[in-house]
Number of protein chains: 2
Amino acid sequence: MADVLTRRARLLGPHMTTFYREPVHLARGEGTYLWDTDGRKYLDCYNNVPHVGHCHPRVVEAIATQAATLNTHTRYVHDGILEYGEALTAKFDHDLDSMVMVCSGSEANDVALRMAQAMTGKTGVITTDNTYHGNTAAVSQLNTSKVPIGGFQDHVKRAPAPDNMMPPGGTREGQAKAFAEGVKTAIAELEANGHGVSALIVCPYFANEGFPTLEEGFLDDAIALVRAAGGIIIADEVQPGFGRIGSHWWGHQKLNFAPDIVTLGKPMANGHPVAAVITRPEILTAFQEGFKYFNTFGGNPVSAAAAMAVLNVIEDENLVENAKDVGAYAVGLLKELQTRYDVIADVRGSGLFFGAELWRDGKPATALCDAMVEEMRNRGVLLHTEGRFDNTLKIRPPCAFGRADADLLAETLDAAFGAVA
Amino acid sequence: MADVLTRRARLLGPHMTTFYREPVHLARGEGTYLWDTDGRKYLDCYNNVPHVGHCHPRVVEAIATQAATLNTHTRYVHDGILEYGEALTAKFDHDLDSMVMVCSGSEANDVALRMAQAMTGKTGVITTDNTYHGNTAAVSQLNTSKVPIGGFQDHVKRAPAPDNMMPPGGTREGQAKAFAEGVKTAIAELEANGHGVSALIVCPYFANEGFPTLEEGFLDDAIALVRAAGGIIIADEVQPGFGRIGSHWWGHQKLNFAPDIVTLGKPMANGHPVAAVITRPEILTAFQEGFKYFNTFGGNPVSAAAAMAVLNVIEDENLVENAKDVGAYAVGLLKELQTRYDVIADVRGSGLFFGAELWRDGKPATALCDAMVEEMRNRGVLLHTEGRFDNTLKIRPPCAFGRADADLLAETLDAAFGAVA
């Protein structure tokens, strides 16, 4: 392993970090399990990219068959992208029936921001104060984890992210008002500095913000303010989308609002580099007229086939229902652990995106959370952290995660808390 | 077809144009051939993405096998990206042995521009006045085909692109000096407006500029000026790279200069969405310290396997040698046509990236070139146009293109010129 890490640091750079102090050297995956090069088996409780399970045979078959048949780009006509796009947009309301296929969630959000600019004639963007939306130069201006060289540009303003344990405004019930107040201030700043408001962009599950528990209507006041200022709404569904949250196909349905643009990414094709922007026809037209855009790999026949297979498997294997059922079951198991471990300050989540926030002595237990992640890895269960203080265990497994997997997760958490808490 | 085009315009937008007035509705590809849904066969003289031939069985097998085994991201350790990265960087000199894998050439150039910023502390970029480097918000500022909403930003300055028929400076021999003069002016403007020079970014084959015939050393004076001003050199090898030009693996080797950063894309994995940035270790480190960057799909095991298969096939099937041999043979056939068709003003190219520039009555013959592309399509040969006036037939087939393919191309060109010229 030492030799491999040396080669890796030389080739990929010393700052290309791995998960875990002892990195996991992977060899194989199947369903909700991964195996390392020594043959050790891990339960994968973290990876949302293999949405329908690692190496799902129907997705592999779709990729292999299409790759052997044809792979070109959309300057030619091909049925695959049409069949997929029509099936995908049928999952949306609000006239969201136009699509741009790209290769990554970053590319999707990069396009979405320009769509908002083309549609509104404005350039200001409002997001939260603890977020991540991707890694292009333009999109990384939204991220809060690191100030880029040259600092943040003044076209991005932030509203306070909701948070279960430390809610802006002081109470969970008051968070929607606090968020709307933040948006109102941001609008005033963007109008004063000449950018105006092109868009509010949020993950409707506030995944990177620590997936706080929010009620339907949480964003209504903020959205009304953005619309009144001439802006539109971008829902970044890269994490909650495709049924992960169990209650709905999309995060914006859970909060019950109508986005103008939806961006999709990671889980869309089970690991094949596929992402998309879904919007209304008039917004797509404004974008295409305002900016020249063509993506060579976007929507190629293999990408479309892989994504179509994922959509079909979600339906045929009832994975949205599974996410709802197993997620609720697992949250119940975590709540039981909470009765026995004082460090578990909060258990929350929806479907197969849930977790436990750890506090000790009235403070976020960041070091303990990190120790738990390592302990769990050493006990054969992979998960990671989230939240402003990285003190929340983030559990976001493939949606094929079953009740037996949840049992193993809970048993291992129990043993790990016993060992390190 | 009408129904398909209606569905396509509704889903993908009215401005998602296709090649050809009668679009080609594709069903299958193999080697240098494509078949449409009516079973009609086309010789593909245009697509560089299927670099080793459409649906090459070794690439398909590599994708299928790895997709069935494991597909995760580089927060875990996996051997595939190391083996590929080491094999790929072995193809470069100049200490270019660090790599960032991404999903598209656009992402690669988006990263490259930030690397230059991180390394130099400056933000100005110099490129040519007739270029394209990709489609992210940041990278599209370099492109000249459409002024984006809000206009071009003042951190991009342009030097006059070389051109066989209308060389800046008046003569082909004087172009290098004219380009260096343009770079000198751009440097002065960027220093005056406070950006300074972070990078000169060029395709070393000047592909979008119309692939003019250039001698070794063409960029030397311009590069010396950029370096003296504190900037670095980005070679966008998305089009010339991987041996296409026959004489060398990379375009910068043909012009004999040492880039600081090389970007790679389209042909890298024969259509699988894979791209990369190759640079020196200290530039990668500066980038990773200046900007937070992680690409979920970038360098995943399937992408690495697909790219590795392409590299192996290039070697095992001697495709660089083939590009050199068949390219020279095809250029010879085009030069023979030139003796018979006055409209062929110039035949040029290197390896399997060549073409013929059409002029009539002392003017670029744009309409004739367009008519030729349509006529060729109707006769079963796919190619397209390039250059400032779209009056050059651009021929850039899969690198498995053989002499018999070149014969068919030339015979069909002969017939098409006879019909429309």
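## Burial and a positive phi

A residue counts as buried when its relative accessible area is under 20%. A:Asn270 has a relative accessible area of 8%, so A:Asn270 is buried. This is a predicted model.

The backbone of A:Asn270 stands out too. Its phi is near 60 degrees, a positive value in a residue other than glycine. A:Asn270 sits in the loop between β9 (261-264) and β10 of chain A.

Chain B has its own entry. B:Asn270 lies in the loop between β9 (261-264) and β10 (275-279) of chain B. Phi of B:Asn270 is near 60 degrees, again positive in a residue other than glycine. With a relative accessibility of 8%, B:Asn270 counts as buried.

## The sheet of chain A

Strands of a sheet pair through backbone hydrogen bonds, either parallel or antiparallel. In chain A, seven strands build an open sheet. Their order is β4-β10-β9-β8-β7-β5-β6, with mixed pairing. The edges are β4 (98-102) and β6 (156-159) of chain A. Each has a single partner strand, so one side of each is left without a neighbour in the sheet. On average, neighbouring strands of this sheet are turned by 20 degrees against each other, direction ignored.

## How the two chains relate

Two copies of a chain are related by a rotation about an axis and a shift along it. Here, a rotation of 180 degrees superposes chain A on chain B. The shift along the axis is 0.0 Å, and the RMSD is 0.0 Å. That is the relation of a two-fold axis. Which C-alpha of chain A is nearest the axis? It is that of A:Ala64, at 2.5 Å from the axis.

Terms used. Residues numbered from 1 in each chain as written. Chains lettered and ligands numbered in written order. Predicted model: local features only at pLDDT ≥ 70, side-chain atom pairs only at ≥ 80, totals over all residues. Heavy atoms only, no water. Pairing = 2+ DSSP bridges. Helix = DSSP H or I, 4+ residues; strand = E, 2+ residues; numbered from the N terminus. Axes fitted to C-alpha atoms, helices over the stretch in contact; angles between N-to-C directions. Least-squares fit on C-alpha atoms with pLDDT ≥ 70 in both. Buried < 20%, exposed > 50% of the residue type's maximum accessible area, 1.4 Å probe, protein only.
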